[in-house]
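Look at how side chains connect the chains of this assembly. Start with the rings, then turn to the charges.

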Amino acid sequence: MSDLPLWATLPATVLLVAGGLFALTGALGLLRLPDFFSRMHGPSMGNTIGCGCVLIASMLTASAVTGRLAIHEPLITLFIVVSSPVTSMLLMRAARYRDRARNAVRPGRAPESTDD
Amino acid sequence: MTTIFHFAVDFAQMCFALAMVCATIRLITGPSAQDRVLAFDSLYISGMLTLLMLGIRSGSTAYFDMALLIALFGFVGTMALAKFLLRGEVIEP
Amino acid sequence: MKRVPVVLTLTLIIIWLLLNGTASPGSILLGVILAVLLMLAASQFRPVRPRLRRLYLVVPLFFHVVVDVVRSNIGVARIVLGMVSRDQVRSGFLDVPLDLRDPHGLAILAAIITSTPGTAWADLSADGATLTLHVLDLKDEAEWIRIIKYRYESPLRRIFE
């Protein structure tokens, strides 16, 4: 990437900085938020806006390097958009199931984060 | 402008590496099993983004294929782990 | 006799060509063969076919979702970085009454809700009438229900039902 044109580097710079900051904030959320169901929301930041920014930046620079429109980056975006809801819903269901099972085994404890 | 762009690539790569560190801490300390699975999910997404950074830096498309493979296998791995937490087995008869 | 899912086959061919990065006759031929085989294999799994109407509504829905994703990312980032004081943030589960019944519409609603940070899909009741969400910042329950119902569900119902 010796000398890329300005129309590619300027938006790519902004997008990379923003995407990096958002993904880092999401991972910090994974560390700092108090309980599991809140922590679910942290990585979804990295999944959505982190991936989106980086993939658009990658499209811009790859198009500038090869001189034609790079169109295979949206495949990763498509795949992440299709797969991350599946993972998140299954994890959510597993967590609620395990909470319920644990509260049923040890009834002396106060039920936490179950609503039924 | 190119130097600023180089700096932005370095910065983003550092951010993703720090995100991987955060996810690893949660993976090790995480009080419950679902926390660890969630941390693993976050870890492989950050790793994939780091690979894309390397791809931008070098201008080759080989890293893109690696990123796609990491996304595919990470998804399958997280699915299997979550299914195991839910049902106690991965492939049901 | 079932109708042949043309869109699925064409999508598979396009993905194959994008992965290869070429459009040579050989890869197109191999792509067509693979797509037809996979389409035959997958037609066993898809008993319900979507009926799409008013497809032009997809465009405003897409832009609404992009705007909401960016906005809620900023909201979650403020909470994580401690710009909102911790005792003001009350997270919890929220029940939303749901009228959407089409499985494809529900799948897209699930994708929208999960990819918006701050909301996560928790459960759908067995009769499909109540959707349980986990919301990170449960400041205004009526506002969340209004967003889900009017911003996402009503265009999805008009597209799919």
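Predicted model: local features only at pLDDT ≥ 70, side-chain atom pairs only at ≥ 80, totals over all residues.

Residues are numbered from 1 along each chain as written, chains are lettered from A and ligands numbered from 1 in the order written, and side-chain values use heavy atoms, without hydrogens and water.

Rings of Phe, Tyr and Trp (its six-membered ring) pair if their centres lie within 6.5 Å; planes under 30 degrees apart are stacked, over 60 edge-to-face, the rest tilted. Over all chains, the count is five aromatic pairs. A:Phe79 and B:Phe75 have ring centres 5.9 Å apart and planes at 90°, so they pair edge-to-face. Ring pairs also link A:Phe36, A:Phe37 and C:Phe93 into a cluster.

A salt bridge is a side-chain nitrogen of Lys or Arg within 4 Å of a carboxyl oxygen of Asp or Glu. Eight are counted over all chains. One joins A:Arg39 to B:Asp35, with the closest N and O atoms 2.9 Å apart. Buried means under 20% relative accessible area, exposed over 50%, partly exposed in between (1.4 Å probe, protein chains only). A:Arg39 is buried at 5%, and B:Asp35 is buried at 2%.

C:Asp123 and A:Arg96 also meet in a salt bridge (3.7 Å, N to O). C:Asp123 is partly exposed at 29%, whereas A:Arg96 is buried at 5%. Within chain C, C:Asp99, C:Lys149, C:Glu153 and C:Arg157 are linked in a network of salt bridges.
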